[in-house]
Amino acid sequence: MSIKIGLLGFGTVASGIPFLLQENGEKIVAAAGTDLEIAKVLVKDDEEKNRLVAAGNDYNFVTNIDEILSDDEITIVVELMGRIEPAKTFITRALEAGKHVVSANKDLIAVHGKDLITLAQDKGVAFYYEAAVAGGIPILRTLANSLTSDKVTRILGVLNGTSNFMMTKMVDEGWTYEDALKTAQELGYAESDPTNDVEGIDAAYKAVILSQFGFGMTIDFEDVAHKGITTITPEDVAVAQELGYVIKLVGDVREVESGLSAEVSPTFLPKNHPLASVNGVMNAVFVESIGIGESMYYGPGAGQKPTATSVTADIVRIARRITDGNVGKPFNEFSRPTQLANPEDVKSNYYFAIDTADEKGKILRLAEIFNSEDISFEQVLQQKANGTTARIVIITHSLSKTQLEAVTAKLNAVEDFTIVNTLKVLGE
Ligand code: NDP
Ligand code: HSE
């Protein structure tokens, strides 16, 4: 007996699955308790089908989803097309047809996951998506299984391989933004629309999924504030280095007294923080919890083989459960009412870069404005921006989101000062 799989899409990730099934076949069959067979592969059109066949791919390529959904021999559908539609419709129809589903589609899972998970439960089928967060790092299963006895208090993560690869190449090797993005695309790291990568949207989707596995709360994507690497300037990078920090795009999900907060933003990380040395396409998820304390899970966040490895692990897991006769358990069983944090409880240090005329009294005036919101300075640096303008860099002590908003409004109301950038700073 073999378990038959229908693949939806045959791009970067999907085309990595045959490699694993072939190179690691013996172990996979032993773990699954059965042979696994890719029975059909959905591609967009005949042109794509002919191209793939000419390139030596010996699969039963189909162009109509019904050929997979109405095939009773296909038990597991693996969606690797990306984006919301038609992936959402295809997965919904597959679950309705009683098929188990594996996906790596964080966009879809972050926004519509709740409905799909409920549908899978109603139908008694599995819906797994380990590869949706941090590519090759098995973080979701780790949170769901290995940390089940622990209480997670904060998850910090370098969650987008494309952004981290680009930042590493630009900062350490002087590449241009355009060259770094082009190479990330060529290496198969970037989304089909890389806006999601560079604007922090992809990492925000992952933060939504992490909030479910780490905290049992389904935070809405709209409630995850996000900024991407496009907001970082070379001057920010230089100042960070001078002050002992590196800047990385960091997802931050934490539970404070009033509830859960999740955001994605370029963040000043102290050089000795474990996340500061996560470079290139590597991702890392840094978990703070009451039992283990601090733990970090590190590995490639994108790329064909790492991601296909996570997808194939989900397939094997489902196959094992089918052969054991206990399939249908939810991927994540931790669930409790979602409660968002009050902004006054969400506190961080911040970096402000402010331009002003290079004249007497400006720093005093700035200190007065920050002091009026009860914000104190940890570090202050004045640089000459050009002949008549000075750049004042401030690293604050801890302040809340409410204080951040208030002080930003006050600074914006004063003509003397131009806020060039504000970024979060992780304390030592
Ligand atoms: P690709 O763009 O390389 O592959 C997707 C493939 O699906 C393309 O060949 C695309 O064709 C095809 N496709 C799109 N729509 C349809 C359709 N309606 N019918 C049939 N085929 C279709 O993406 P990836 O392989 O990189 O990513 C797949 C999924 O995995 C995405 O959800 C992504 O976010 C996720 N992921 C990717 C990672 C990576 O490192 N690449 C890491 C982790 C997750 P066409 O190109 O013509 O549109
Ligand atoms: N585009 C994503 C990234 C793929 O670069 O991290 C992995 O989710």
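Visitor: Where is Pro-86 found?

Guide: Pro-86 is found in the loop between β4 (74-79) and α5 (87-96). Elements here are DSSP runs, numbered from the N terminus: helices are H or I with at least four residues, strands are E with at least two. This is a predicted model, in which local features need pLDDT of at least 70, side-chain atom pairs count only at pLDDT 80 or more, and totals for chains, interfaces and linings use all residues. Residues are numbered from 1 along each chain as its sequence is written, chains are lettered from A and ligands numbered from 1 in the order in which they are written, and side-chain values use heavy atoms, with hydrogens and water left out.

Visitor: Is the peptide bond from Glu-85 to Pro-86 cis or trans?

Guide: The bond is cis, with omega near 5°.

Visitor: What is the phi of Arg-83?

Guide: Phi is near 60°, a positive value in a residue other than glycine. Arg-83 is found in the loop between β4 and α5.

Visitor: How do you know that Glu-191 makes a polar contact with ligand 1?

Guide: A polar contact is a pair of N or O atoms within 3.5 Å; within protein, one must be able to donate a hydrogen and the other to accept it, and residues adjacent in sequence count only if both atoms are side-chain atoms. An N or O atom in the Glu-191 side chain is 2.7 Å from an oxygen atom of ligand 1, so the pair qualifies. Thr-12 places a backbone N or O atom 2.9 Å from a ligand 1 oxygen. Val-13 has a polar backbone atom 2.9 Å from an oxygen of this ligand. The protein buries 78% of the 890 Å² that ligand 1 exposes when taken alone (Shrake-Rupley, 1.4 Å probe; for residues, only the protein chains shown count as cover).

Visitor: What makes the shell around ligand 1 nonpolar, polar or charged?

Guide: The shell divides into nine nonpolar, eight polar and three charged residues. Asp, Glu, Lys and Arg count as charged; Ala, Val, Leu, Ile, Met, Phe, Trp, Tyr, Cys and Pro as nonpolar; the others, Gly among them, as polar. Around ligand 2 the classes are three nonpolar, four polar and five charged.

Visitor: Which contacts does ligand 2 have with Tyr-189, Glu-191 and Asp-197?

Guide: A polar backbone atom of Tyr-189 is 2.7 Å from a ligand 2 nitrogen. Glu-191 has a polar side-chain atom 2.7 Å from a nitrogen of ligand 2, and Asp-197 likewise has one at 2.7 Å. The protein covers 93% of the 250 Å² of accessible area of ligand 2 on its own. Helices α8 (161-173) and α11 (201-215) each give two or more residues to its shell.

Visitor: Why is the pair of Phe-10 and Phe-61 called edge-to-face?

Guide: Rings of Phe, Tyr and Trp (its six-membered ring) pair if their centres lie within 6.5 Å; planes under 30 degrees apart are stacked, over 60 edge-to-face, the rest tilted. Phe-10 and Phe-61 lie 5.7 Å centre to centre, with 75° between the planes, so they are a pair and edge-to-face. The two are 51 residues apart: Phe-10 in the loop between β1 (2-8) and α1 (17-23), Phe-61 in strand β3 (residues 61-62). The structure holds 15 aromatic pairs.
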